Structure formats: C-alpha cells, structure tokens
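This report describes selected local features of one protein model and its ligands. The sequence and structure come first, then the notes on them.

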Amino acid sequence: MTTILTGKTYDIQGFSVQDGPGIRTTVFLKGCPLRCPWCHSPESQEFKTELNWMSIRCLGCDDCGKCLDACPRGAITRGVPTENAAGEPIVYPEVDKSKCDECGACTKACKANALYMCGDDRTVDEVMRRVLRDQPFFEESGGGVTVSGGECLCQPEFTLELLKRCKELQIHTAVDTTGFVPWNVLESVLPYNDVFLYDLKGMDSALHKQVIGVPNELILDNARKIAAAGGRLWVRIPVIPMFNDSREHFDKYGAFLTEIKDALDIVQLLPYHKMGVSKHDRLLKKETIFVAEPPSDALMQSRREQLEAYGLKVRVH
Ligand code: SF4
Ligand code: SF4
C-alpha cells in the first residue's frame with residue numbers, strides 16, 4: 001500500500017513580502033520545539049490540530065449556546081457574565097481544555113464560526129496546487145515559496161518534498177527555521193533551498209534555555225555549518241524588551257554574525273509587537289503570555305547602526 005505524504009499546516013499565505021525576496025507564498029507548518037513567550041503565531045506551537053475560539057464572533061450562551069450541548073466530554077459550560085466588545089452584557093461559553101480532546105464537534109455546531117479548528121493535513125499536491133496559482137507573481141518580482149512554521153523542519157520529509165517540487169519548477173525557495181533541528185535535516189534540504197531565513201533569538205545560552213526552553217549552541221553551530229556548506233542566510237533577530245535588546249547583547253550578535261558574514265545576505269531586525277496576544281487568547285490557554293511595550297524607533301535605529309558598524313547589511317523589518 002502506498003502512503004501519501006501529508007504535512008500539518010495552519011495557513012498558506014500569498015503575497016507575502018516579509019518572508020524572503022520578492023512576492024512569496026508562505027506555507028506555515030504546525031509544531032515548534034521552542035516556546036518563545038512573545039510568539040506572534042502561538043497557534044503554530046503545538047503539532048496537533050487545536051480548538052480555537054474568537055470572542056468577537058460569539059453570539060453568547062443566551063442568544064445561541066449551541067456549543068454547550070454539542071460537546072460529548074462536557075468541556076463547555078456557561079462562563080461568568082461579562083461584556084462584549086460593544087459594552088453589552090453577555091455570557092460567553094467557557095472551554096475546559098483539560099477535558100477537551102479536540103474532536104471538533106462543537107465547531108460543527110457553531111454556525112458563527114466562533115469555534116474553529118486550527119491545523120489541516122494537506123498533501124504535497126494540494127499545497128503545490130495552491131502555490132502555483134501565485135507563480136506569475138514570483139516570476140515578476142523575483143519571489144517564490146517560503147516554508148515556515150512553527151518549525152517546518154520538524155516535518156522534514158514534507159518540507160523536503162515541497163522544496164524538491166518547487167525546484168523542479170524552477171521556483172525560488174526559502175526555509176524559515178529556528179535552527180534548532182539536527183544538522184542532517186538541514187543538510188538534506190540544502191541542495192533544494194535557496195536561502196535560510198534563520199532566527200537568532202538570543203546569544204546568551206543560559207537565558208535562552210531559561211526563557212525559550214532550549215539552549216542556543218545547536219542553533220549557532222548549525223548556522224556556522226550552513227555557511228561552511230555554501231548555504232545563504234537571512235538572519236532574523238526579534239528585538240525583545242528585557243531579553244536581547246541591550247547594547248551588550250547586540251555586541252554578541254555582531255561578533256557572531258561577523259563569523260558567518262560571507263554567507264549572510266542581510267540581517268533583519270524584527271521589533272517585538274503584541275499581535276500574538278489575541279491569538280494566544282483564541283487558543284483558550286490559561287497560561288499568561290509575555291506582554292511589553294514594543295521597542296522605540298530610536299532603539300531599533302540604534303541597534304541597526306550598531307550591527308552596521310560590524311560591516312553587516314541590516315534592515316529593520
Ligand atoms: S473540540 Fe473539545 S470542546 Fe469541542 S466538542 Fe470536542 S471535546 Fe468538546
Ligand atoms: S455555538 Fe458558537 S456562537 Fe454559539 S455560543 Fe457557542 S461559541 Fe458562541
């Protein structure tokens with residue numbers, strides 16, 4: 001029996017201009033080994049399909065309440081009275097995620113699409129059919145396909161097959177990675193990948209482990225190996241208040257990036273923003289999410305100039 005290769009995706013976005021050169025179609029795969037508290041796409045973190053809920057769409061238990069009876073596990077109950085976005089009184093349903101097995105029955109009952117599942121199993125053919133709709137834009141803009149996540153290389157066979165299929169059609173390819181994967185996985189995609197969008201979240205390994213859950217040595221070593229193997233890199237640094245935004249920390253970035261300078265096309269500085277907060281709330285998780293004021297334009301400019309002094313090409317995203 002032939003097994004059809006599928007990947008767990010959570011989105012495919014056309015017309016992306018932030019994920020590599022030109023106009024791109026970005027394929028987002030689910031699952032990540034890191035737990036960045038500021039993650040702007042927390043729906044990407046888990047490897048499984050998950051229940052989400054958007055309060056803005058919900059009609060409330062009194063005017064609707066269809067989900068209350070739909071759950072076979074008794075995970076949905078009436079919540080406490082509150083107000084909706086218009087300031088009107090409402091009672092929203094409350095989902096106990098510890099009882100939920102993500103069966104999706106409530107999403108079928110919810111005609112307002114307030115409850116929905118995030119995560120689709122797609123075949124390579126399905127993804128390629130979607131990608132090819134955008135091919136004329138790739139040709140005009142020098143764009144192509146970016147495979148992103150989560151950590152797309154945690155689904156290595158699927159990512160590799162997508163890249164191979166793109167290269168057969170002479171489509172430019174990019175892999176957006178945390179770098180926290182075994183070297184042999186990165187090595188396997190090297191011949192089919194034009195550029196790695198390579199996240200460097202922090203230079204202090206102990207702090208990296210404490211805050212994100214994993215140390216950074218593997219990430220740094222893999223960047224050196226990609227450079228030595230002739231791969232191209234766009235290094236992306238999320239600038240996070242109180243984590244990596246100090247002058248001292250950026251001198252560590254400067255010293256490391258100098259080591260791999262010949263393989264670097266550009267360094268992108270991505271200022272922290274709060275867009276992950278509402279997405280985090282949709283996942284119905286109890287844990288609190290990191291929230292801070294975004295770095296000022298002046299700070300971003302200062303950090304850009306600091307890295308430029310190392311002879312690096314730097315862009316603030
Ligand atoms: S997805 Fe969870 S909350 Fe919804 S019906 Fe299934 S078990 Fe209940
Ligand atoms: S079925 Fe949907 S719209 Fe109705 S109360 Fe439940 S979540 Fe809200």
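## Basis

Contact here means heavy atoms within 4.5 Å. A residue counts as buried under 20% relative accessible area and as exposed over 50%. The model is predicted.

## Helix α8

Helix α8 covers residues 217-228. Its twelve residues, at 1.5 Å a residue, should span 16 Å, and the end C-alpha atoms are 17 Å apart, which agrees. Ile219, Leu220, Asn222, Ala223 and Ile226 are the buried residues of α8. They lie on the same side of the helix, because the arc they cover around the axis is only 160°.

Which elements do the buried residues of α8 pack against? They are α6 (183-189), β10 (195-199), α7 (205-212), β11 (233-239) and α9 (247-259). Just after α8 comes glycine 230, with a positive phi of about 90°.

## Helix α9 and histidine 249

The 13 residues of α9 should span 18 Å at 1.5 Å a residue; the distance of 19 Å between the end C-alpha atoms agrees with this. Buried in α9 are His249, Phe250, Tyr253, Gly254, Phe256 and Leu257. The cover over the buried residues of α9 includes α8, β11, β12 (264-271) and α11 (297-308).

Histidine 249 is located in helix α9. Is histidine 249 buried or exposed? Its relative accessible area is 7%, so histidine 249 is buried. Apart from neighbours within four places in sequence, histidine 249 contacts Gly202, Met203, Asp204, Phe243 and Asn244. Histidine 249 and cysteine 100 are 149 residues apart along the chain, and their C-alpha atoms are separated by 42 Å.

Strand β8 comprises residues 144-148 and is mostly covered, with five of its five residues buried. Strand β9 is also mostly covered: five of its six residues are buried.

Strand β8 is paired with both β2 and β9. Strand β2 (residues 24-29) is joined to β8 by five bridges, and the two run parallel. Across this pairing, serine 148 of β8 stands opposite phenylalanine 28. Between β8 and β9 (residues 172-177) there are four bridges, again in a parallel arrangement. Here glycine 144 has histidine 172 in β9 as its bridge partner.

## Backbone exceptions

Most residues other than glycine have a negative phi, and most peptide bonds are trans.

The peptide bond between glycine 149 and glycine 150 is cis, with omega about 15°. Glycine 150 belongs to the loop between β8 and α5 (156-168).

Glutamine 170 has a positive phi, near 60°, although it is not a glycine. The loop between α5 and β9 holds glutamine 170, and with a relative accessible area of 74% this residue is exposed. Methionine 242 is another residue other than glycine with a positive phi, near 70°. Methionine 242 sits in the loop between β11 and α9 and, at 69% relative accessibility, counts as exposed.

## Ligand surroundings

Which residues are found around ligand 1? They are Leu51, Cys71, Pro72, Arg73, Ile76, Cys100, Asp101, Glu102, Cys103, Gly104, Ala105 and Cys106. By class, this shell holds eight nonpolar residues, one polar and three charged. Cysteine 100, one of the residues around ligand 1, is the residue whose C-alpha atom is separated by 42 Å from that of histidine 249.

Ligand 2 is surrounded by 13 residues, of which Cys58, Leu59, Cys64, Cys67 and Cys110 are the closest. The shell around ligand 2 divides into ten nonpolar residues, two polar and one charged.

Terms used. Residues are numbered from 1 along each chain as its sequence is written. Chains are lettered from A and ligands numbered from 1 in the order in which they are written. This is a predicted model: local features need pLDDT of at least 70, side-chain atom pairs count only at pLDDT 80 or more; totals for chains, interfaces and linings use all residues. Side-chain values use heavy atoms; hydrogens and water are left out. A residue is near a molecule or strand if one of its heavy atoms lies within 4 Å of it. Ala, Val, Leu, Ile, Met, Phe, Trp, Tyr, Cys and Pro count as nonpolar, Asp, Glu, Lys and Arg as charged, and the others, Gly among them, as polar. The expected span of a helix is 1.5 Å times one less than its number of residues. Buried means under 20% relative accessible area, exposed over 50%, partly exposed in between (1.4 Å probe, protein chains only). The arc is that of the directions from the helix axis to the C-beta atoms. Two strands pair if DSSP finds at least two bridges between them.
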